[in-house]
Amino acid sequence: MKRLVSLIIGLLAICGLLAYSSSQLERSSGSTGDKVLNLYNWGDYIDPSLLTKFQKETGYHVNVETFDSNEAMYTKINQGGTHYDLAVPSEYMVAKMKRAHLLQPLDKSRLTGWHNFNPQFLNQSFDRGNRYSMPYFWGTLGIIYNDKFVKASQVQHWQDLWSPKFRDQIMLIDSARDIMGMALVTQHQSMNTTDPQKLLAAEKKLNQLAPNVKAIVADEIKMYMAQDEAAIAVDWSGEAAEMLANNHHLHYVVPSEGSNLWIDNLVIPKTAQHYNAIYAFLNFMSKPTNAAQNADYIGYATPNTKAKALLPKSVRDDRQFYPTQTTLDHLQVYRDLSPAKVQLYNDRYLEFKMHH
């Protein structure tokens, strides 16, 4: 009898362990309980206190899983087996997910804060009419400079980087579209061109920049700039904000002649299940007070006009991260190009890197 009892206890323990493991697996790919919201987001891309506030106000618990690239996010959702209610892709990835039928359209009748958004960040080419996406944060590609080594007047335009005075002083973010795009702008071309001759000309232009390039790097560019390792860098505004916070000698410039405008967005994956929670969260995040709090925490630019008005004057009037309308009008959103067209950019960019 003791042996039988022991066997029963052992079986119950195994069943409990299996149930726990199943619940953990379910949580990792999105819980399917009724009072939850499964958010698939970039790391540290929302103020945690807002999640607590949302839970207290609505009763919905937010499960957050993170990704480190648009491509990783796309792959996981495309493979299936997940139940994410909301994801946060960048603009070109929204277009790709639409084409792959991975998104559900927004029900605008359930959205209460749409009027708070700046029209500048709506109805973009990647999602006309914002049928599938609600803007979350936005930013630019630009120039970071260290005032210990460089005067502001020396680096207001892309072409300034080609000056012989900056020999071996510039760090570039390792991104084909961005660095090729920078060269295209200096030649008055679209950052979305797929003309092989124009891309070849952009490569040749970059080859002329090579003597000035100290290094082509990834995330470590933030550390190098914060430690005065280079006078100038080309990087995104979100990365620049982090650099500036760690070194008061650093400044950020968006060339007025043109640059990239990136927009991160909230979308509903096709396997989403918790619609009441989804729309409660979208409405919560579009409230000006909440959007302003989030922007203050993250340090990126908010597309919510009423939220921007609530930010400190020193922030909302900071032309580094909220450029003038003239500059905004010259920004270009990247289009989602076909793999063959992307390869054109990559090939020309790799040739430049080899030249460097």
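Predicted model: local features only at pLDDT ≥ 70, side-chain atom pairs only at ≥ 80, totals over all residues.
Strand E5 gives the most to the lining of the second largest cavity, with 3 residues.

By class, the lining of the second largest cavity divides into 7 nonpolar and 6 polar residues, with no charged ones.

Now turn to the largest cavity. The count of cavities of 30 Å³ or more comes to 2. The largest holds about 100 Å³ of space. It is lined by 13 residues, and Pro135, Tyr136, Met285, Ala291 and Thr302 lie closest to its centre. The elements giving two or more residues to this lining are strand E5 (133–146), helix H9 (275–286) and helix H10 (288–298). E5 again heads the list, giving the most to the largest cavity with 4 residues.

Is isoleucine 143 buried or exposed? Its relative accessibility is 0%, so isoleucine 143 counts as buried. Leaving aside residues up to four places away in sequence, isoleucine 143 touches Val155, His157, Trp158, Leu161, Ile232, Ala233, His251, Tyr252, Val253 and Pro255. Take tyrosine 252 from that list. In sequence, isoleucine 143 and tyrosine 252 are 109 residues apart. In space, their C-alpha atoms are 5.6 Å apart.

Two packed helices are described by the angle between their axes and the distance between the axes. Here the pair is helix H5 (residues 176–186) and helix H14 (residues 339–355). Their axes come within 9 Å and cross at roughly 80°. An angle from 65 to 115 degrees counts as roughly perpendicular, and H5 and H14 are therefore roughly perpendicular to each other.

Which residues of H5 and H14 meet? From H5 come Ala176, Arg177, Ile179, Met180 and Leu184. From H14 come Tyr345, Asn346, Arg348, Tyr349 and Phe352. The residues of this contact divide into 7 nonpolar, 1 polar and 2 charged.

Methods
Residues numbered from 1 in each chain as written. Heavy atoms only, no water. Axes fitted to C-alpha atoms, helices over the stretch in contact; angles between N-to-C directions. Parallel < 35°, antiparallel > 145°, perpendicular 65-115°, else oblique. Contact = heavy atoms within 4.5 Å. Nonpolar A, V, L, I, M, F, W, Y, C, P; charged D, E, K, R; others polar. 1 Å grid on protein atoms, 1.4 Å probe; cavity = no way out; pocket = protein on both sides within 12 Å on 5 of 7 lines; lining within 4 Å. Points joined across faces, edges and corners; volume = space filled by probe spheres on them. Buried < 20%, exposed > 50% of the residue type's maximum accessible area, 1.4 Å probe, protein only.
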